[in-house]
Amino acid sequence: MSEIESCITSFVDGRVRLRHPSLKRAEDAEQVRGFLASLPGILRVTVNSRTGSLLLEYDPDQISREDLLALAGQWADFASAQDEAAAPRKRRFDRARAIRFTNRGMLATLGASLAFGLAGRERGHVVAGGLFLLFNLAHLYTYRKAL
């Protein structure tokens, strides 16, 4: 079982509920909610930062279960890296690791976006492109003083 599958508490066509510690941070939870709500096929996103829970209602005719699991898996990896970067000990190591993760995430999601685009899978292309933008924002935030 992957890490994200252990976070999913309910998954039926049209509705997914998951719990993750990073959703207890209000600003992270709102960022995730805003991103998911902007995706095509998403009907409603409800986040409870007190319990660290997210309820996603979607149109199963527009978004496949596999696309949602891929998106959730990439988000969980990103959230785990953010959790590690926020830890007070070994700050330089954690920062370097977060930078590597962000750079690899940008590369992977760019490749996935191109592959989905070439394969004609518009939803996958849009989801991967959105994830690329999130990784790019994290990258820009990391280097904001140099801009």
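**View 1. Asparagine 48 faces serine 53 across a strand pair.** In this predicted model, the serine opposite asparagine 48 belongs to strand 4. Strand 4 covers residues 53-58 and runs antiparallel to strand 3, with six bridges joining the two.

**View 2. Here's the open sheet, four strands in the order 1-2-4-3.** The pairing is antiparallel. Which strands sit at the edges? Those are strand 1 (8-12) and strand 3 (42-48), each pairing on one side only. Ignoring direction, neighbouring strands in this sheet are turned by 10 degrees against each other on average.

**View 3. Helix 2 packs on the sheet.** This helix takes in residues 26-37 and touches strand 3 and strand 4. Its direction makes about 175 degrees with that of strand 3.

**View 4. Three leucines make a nonpolar patch on the surface.** They are Leu137, Leu140 and Leu147, and together they show about 320 Å² of accessible area. Leucine 140 lies in helix 5, which spans residues 122-142. Is leucine 140 buried or partly exposed? Its relative accessibility is 37%, so it counts as partly exposed.

**View 5. Stepping back, the protein chain has five helices and four strands.** Along the sequence they follow the pattern α-β-β-α-β-β-α-α-α. The protein chain has 147 residues, and 36% of them count as buried. Its accessible surface comes to about 9,100 Å², with 56% of that belonging to carbon and sulfur atoms. As for contacts between residues at least 6 apart in sequence, 58% join residues at least 24 apart.

Technical notes: Residues numbered from 1 in each chain as written. Predicted model: local features only at pLDDT ≥ 70, side-chain atom pairs only at ≥ 80, totals over all residues. Heavy atoms only, no water. Patch = residues over 30% accessible without salt bridge, like charges linked within 9 Å, V, L, I, M, F, W, Y side chains within 5 Å. Areas by Shrake-Rupley, 256 points an atom, 1.4 Å probe, with all protein chains shown as cover. Salt bridge = Lys/Arg side-chain N within 4 Å of Asp/Glu carboxyl O. Buried < 20%, exposed > 50% of the residue type's maximum accessible area, 1.4 Å probe, protein only. Pairing = 2+ DSSP bridges. Axes fitted to C-alpha atoms, helices over the stretch in contact; angles between N-to-C directions. Contact = heavy atoms within 4.5 Å.
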